[in-house]
Amino acid sequence: METGRAMSVALALRGIRKTFPGVVAVDGVDLDVRRGEIHALVGENGAGKSTLARIAFGELHADAGSVEAHGTVGLVHQHFELVGRLRVWQNVLLGREPRTGWRIDTRAARARVTHLAQRNGLSIDPDALVEDLPVGMRQRVELLRELERDPAVLLLDEPTAALAPGEIDAFFATIEQLAHNGTAVLVVTHKLNEVMEHAQRVTVMRHGKIVEQTQIARTSAREIAQAMVGGELPAIAQRAATVLAPCLSIRDLRTAGAAGLRGVDLDVRRGEIVGIAGVEGNGQSALADAIAGMITHAGTVAFASPHTTVGIVPQDRAREALVLGWSLVENVAFSRFQNARMHAGPFVNFANARTDAQTIAQRFDVRAATLDVPVATLSGGNQQKIVVGRALVDHPEFLLAYNPTRGIDVGAAALVQSRLVQARNDGAAILLISFELDEILALADRVLVLFNGSIAGAFDGASADRGELGRLMAGGA
Ligand SMILES: Nc1ncnc2c1ncn2[C@@H]1O[C@H](COP(=O)(O)OP(=O)(O)OP(=O)(O)O)[C@@H](O)[C@H]1O
Ligand SMILES: [Mg+2]
């Protein structure tokens with residue numbers, strides 16, 4: 001039932017157009033977001049969703065068209081814009097801190113942030129340094145910062161991309177409450193189940209244009225996906241693995257800290273994908289960092305040979321994987337010093353780097369104006385495709401893939417997953433850490449559940465039971 005209040009338009013975009021050198025990012029978009037609705041905005045990587053959100057927010061100027069908003073507009077960015085060296089409460093309240101006289105009342109400030117977080121079901125330590133937080137927590141800080149400002153229109157750009165399944169439910173409960181109280185919510189997401197469950201309307205963009213707009217009750221996830229990619233989805237390559245010798249052996253791995261490991265044993269053999277299922281914060285970061293040699297640990301992490309080649313898709317592409325001011329070619333060249341192909345005497349072999357960048361762009365369907373634009377100008381999903389493509393370009397014997405399809409659209413995700421399966425079929429040993437249980441069930445030959453720093457269960461990928469996995473992920477005995 002639509003009430004009068006729910007029908008009134010809070011944000012009206014008319015004839016919005018935005019070009020960047022070499023691309024039309026948004027091409028004549030009209031869009032209304034109404035008070036009290038959750039409106040989903042979906043589309044392929046590079047379709048123009050973030051650009052449109054930033055224009056609506058007022059952070060980017062459109063070349064043409066108008067933005068009319070009734071009340072303040074808040075935007076939770078796809079790429080965080082937090083100050084790493086400040087604490088959580090400082091980021092949330094920046095410029096709005098409670099004061100006694102001229103001094104910031106830090107006690108009141110902390111209490112305000114704690115209360116705001118509790119009221120919205122988002123638990124967080126107000127005193128944590130933002131740079132120490134995992135991606136999901138930083139996402140939460142951005143959201144709290146916007147909620148603090150109590151916007152009439154709330155724009156959320158892939159807010160759940162870094163959240164674990166349990167957190168996503170809590171997150172949407174918050175959003176639904178806001179909408180219930182009259183906030184107009186526009187949410188960009190690649191997760192079509194979220195669209196079907198929580199939105200009332202959906203708008204689909206392709207190549208900068210709106211290609212479909214409908215009520216959720218009148219569509220299906222499959223129809224939305226087809227509108228996004230303009231046809232059928234690619235199928236994921238099949239399992240046809242022959243498992244070979246062990247490639248990575250981990251024994252009694254222990255790391256410090258609350259989210260550390262408490263004695264993990266695992267093997268990854270060549271020709272298999274081992275999936276680590278679990279809720280974020282149960283030791284995944286420590287496991288990845290120990291394998292990558294980035295933290296000290298007790299126990300052993302041993303590759304089959306000291307010459308085993310390793311590819312890594314890290315958890316945070318912007319911080320650990322890419323130099324955003326550099327081009328695709330430069331990112332490919334400078335991350336692979338150990339590779340002889342990248343050297344020409346004392347110089348960097350840019351010719352080879354360019355060839356490899358081209359291979360990556362082609363195999364992973366990276367949409368970029370040229371290989372020489374800074375990767376910061378690529379859409380988030382296209383940056384992620386580069387990170388995965390680069391990790392695979394040298395055909396490593398071992399691959400660590402941490403949420404490899406984060407922020408990637410459904411069509412491109414199927415492509416990336418196919419590439420992982422192909423690498424596995426070609427004999428790579430792959431450790432897949434993913435917060436998407438569906439992704440693990442689709443790809444893994446064996447599934448291990450990580451809970452509270454320990455392996456809580458081991459399953460065969462083909463016969464693993466979702467309910468049983470979910471129970472162990474939640475700490476069930
Ligand atoms: N600052 C910029 N300079 C140049 N090109 C840009 C800039 N920002 C975005 N673009 C281009 O505009 C297009 C739309 O990008 P946008 O980030 O809006 O896509 P998106 O729909 O949000 O994709 P994703 O799902 O991957 O996040 C892309 O081709 C992108 O490369
Ligand atoms: Mg985007």
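Analyst: Start with helix α9, residues 284-291. Of its 8 residues, 7 are buried, so the rest of the structure largely encloses this helix. Keep in mind that this is a predicted model.

User: Which residues of α9 are buried?

Analyst: They are Gln 284, Ala 286, Leu 287, Ala 288, Asp 289, Ala 290 and Ile 291. Each carries the label because its relative accessible area is under 20%. After α9 comes Gly 293, with a positive phi near 75°.

User: What makes Ser 50 partly exposed?

Analyst: Its relative accessibility is 21%. Partly exposed covers the range between buried, under 20%, and exposed, over 50%. Ser 50 therefore counts as partly exposed.

User: Why is Gln 78 called buried?

Analyst: Gln 78 has a relative accessible area of 14%. The cut-off for buried is under 20%, so the label holds.

User: How do you know which protein atoms are donors of the magnesium ion?

Analyst: By distance. A donor here is an N, O or S atom within 2.8 Å of the metal. Ser 50 (OG) and Gln 78 (OE1) lie 2.0 to 2.2 Å from the magnesium ion, ligand 2. Both are therefore donors. Water is not among the atoms, so the site may look incomplete.

User: Which residues of α2 are buried?

Analyst: Lys 49, Thr 51, Leu 52, Ala 53, Ile 55 and Ala 56. Just after α2, Gly 58 has a positive phi of about 95°.

User: What makes the approach of Ser 50 to ligand 1 a polar contact?

Analyst: A polar side-chain atom of Ser 50 lies 2.8 Å from an oxygen atom of ligand 1. The limit for a pair of N or O atoms is 3.5 Å, so the pair qualifies. Asn 45 passes too, with a polar side-chain atom 2.9 Å from an oxygen atom of ligand 1. For His 190, the distance from a polar side-chain atom to an oxygen atom of ligand 1 is 2.9 Å.

User: How much of ligand 1 does the protein cover?

Analyst: On its own, ligand 1 has 650 Å² of accessible area, and the protein covers 87% of that.

User: Which elements give two or more residues to the shell around ligand 1?

Analyst: β2 (23-34), α2 (49-57) and α13 (380-393). Helix α2 gives the most, with 3 residues.

User: Which residues come nearest to ligand 1?

Analyst: Gly 46, Lys 49, Thr 51, Ser 379 and Gly 381, out of 19 residues around ligand 1. The shell divides into 5 nonpolar, 11 polar and 3 charged residues.

User: Why is ligand 1 said to lie between two domains?

Analyst: Domain 1 (4-229) and domain 3 (321-391) both give residues to the shell around ligand 1. That is why ligand 1 is placed between them.

User: What makes Gln 383 buried?

Analyst: Gln 383 belongs to helix α13. Its relative accessible area is 3%, so it falls under the 20% cut-off and counts as buried. Val 387 also lies in helix α13. With 1% relative accessibility, Val 387 counts as buried.

User: Why is His 207 called exposed?

Analyst: The relative accessibility of His 207 is 54%. His 207 is in the loop between β10 (201-206) and β11 (209-215). Its phi is near 50°, a positive value in a residue other than glycine.

User: Is Asn 452 buried, partly exposed or exposed?

Analyst: Partly exposed, at 39% relative accessibility. Asn 452 is in the loop between β21 (446-451) and β22 (454-460). Its phi is positive, about 50°, although Asn 452 is not a glycine.

User: What makes Thr 309 partly exposed?

Analyst: Its relative accessibility is 37%. That lies between the 20% and 50% cut-offs, so the label is partly exposed. Thr 309 sits in the loop between β15 (298-303) and β16 (310-313). Thr 309 and Pro 396 are 87 residues apart in sequence, yet 4.9 Å apart in space, C-alpha to C-alpha.

Key. Residues are numbered from 1 along each chain as its sequence is written. Chains are lettered from A and ligands numbered from 1 in the order in which they are written. This is a predicted model: local features need pLDDT of at least 70, side-chain atom pairs count only at pLDDT 80 or more; totals for chains, interfaces and linings use all residues. Side-chain values use heavy atoms; hydrogens and water are left out. A residue is near a molecule or strand if one of its heavy atoms lies within 4 Å of it. A polar contact is a pair of N or O atoms within 3.5 Å; within protein, one must be able to donate a hydrogen and the other to accept it, and residues adjacent in sequence count only if both atoms are side-chain atoms. Accessible areas come from the Shrake-Rupley method with a 1.4 Å probe; for residues, only the protein chains shown count as cover. Helices (H or I, at least four residues) and strands (E, at least two) are DSSP runs, numbered from the N terminus. Ala, Val, Leu, Ile, Met, Phe, Trp, Tyr, Cys and Pro count as nonpolar, Asp, Glu, Lys and Arg as charged, and the others, Gly among them, as polar. Domain bounds come from an automatic or database domain assignment. Donors are N, O and S atoms within 2.8 Å of the metal (3.2 Å for Na, K and Ca); water is not among the atoms, so sites may look incomplete. Buried means under 20% relative accessible area, exposed over 50%, partly exposed in between (1.4 Å probe, protein chains only).
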